Amino acid sequence: SVWSDFIPMINENGHVVWEGWDDPHDEIFYWDGSTVTNISNNPAGWDEFPQINSSGNAVWDGDEGAGFEIYYWNGSTVTNISINPAGDDFYSQINDSGHVVWHGFDGAGTEIYYRNGKNEKITNIANRAGPDYNPQINSNGHVVWEGFNGTDWEIYYWDGSTVTNISSR
């Protein structure tokens, strides 16, 4: 059996997550400096694109059998945080406060979703007609992503309450 490992991410404490082959599909592994643990342990399907924050919390995209969802690991427990029956969720990002963003299909188009790390509330922050992809989040919980406005692709910025097209020129 061939074992392949991909997409390592390291936090400032030296803890690492990565995607690795665990026949018959990829899983998410976590190394705390001495021990490797399969934290996704998902028999239903693929797990991919892990991210880790300074607290050692991790997020990734995981196939739960009917499509991809966003999974969150708090250091001991894994939770499906997206629970999206309309379609797939991908490209999750986590900041040091445990706030998570991803893009997901809402039944009509691809939107940007934000999960507050404190009360775990999920909000569609893009809420636009055009498709939105590839969100990034900073330590303040501000988010940027690329979105199509009907003519071309633009960069959108969310400051925690307002969305602004910052690349329009």
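Contact here means heavy atoms within 4.5 Å. The notes below concern a predicted model.

1. R115 belongs to strand β11, which spans residues 110–115. Residues up to four places away in sequence being left aside, R115 touches Y72, I81, G98, H99, V100, W102, E120, K121 and I122. The relative accessible area of R115 is 5%, and R115 therefore counts as buried, the limit being under 20%.

2. One of the residues that R115 touches is E120. The two side chains also make a polar contact, at 3.3 Å. E120 itself is placed in the loop that runs between β11 and β12 (122–124).

3. The backbone at E120 deserves a check: phi is near 60°, a positive value, and the residue is not a glycine. Most residues other than glycine have a negative phi.

4. A positive phi, of about 45°, is also found at N127, again not a glycine. N127 sits in the loop between β12 and β13 (132–137). Is N127 buried or exposed? With a relative accessible area of 62%, N127 is exposed, because the cut-off for that class is over 50%.

5. β1 pairs with β2 (residues 16–22) in the antiparallel sense, over four bridges, and M9 stands opposite V17 of β2.

6. β1 and β2 form a hairpin, with five residues between the two strands. Within the turn, G14 has a positive phi of about 85°.

Methods:
Residues numbered from 1 in each chain as written. Predicted model: local features only at pLDDT ≥ 70, side-chain atom pairs only at ≥ 80, totals over all residues. Heavy atoms only, no water. Buried < 20%, exposed > 50% of the residue type's maximum accessible area, 1.4 Å probe, protein only. Polar contact = N/O pair within 3.5 Å; in protein donor to acceptor, adjacent residues only side chain to side chain. Pairing = 2+ DSSP bridges.
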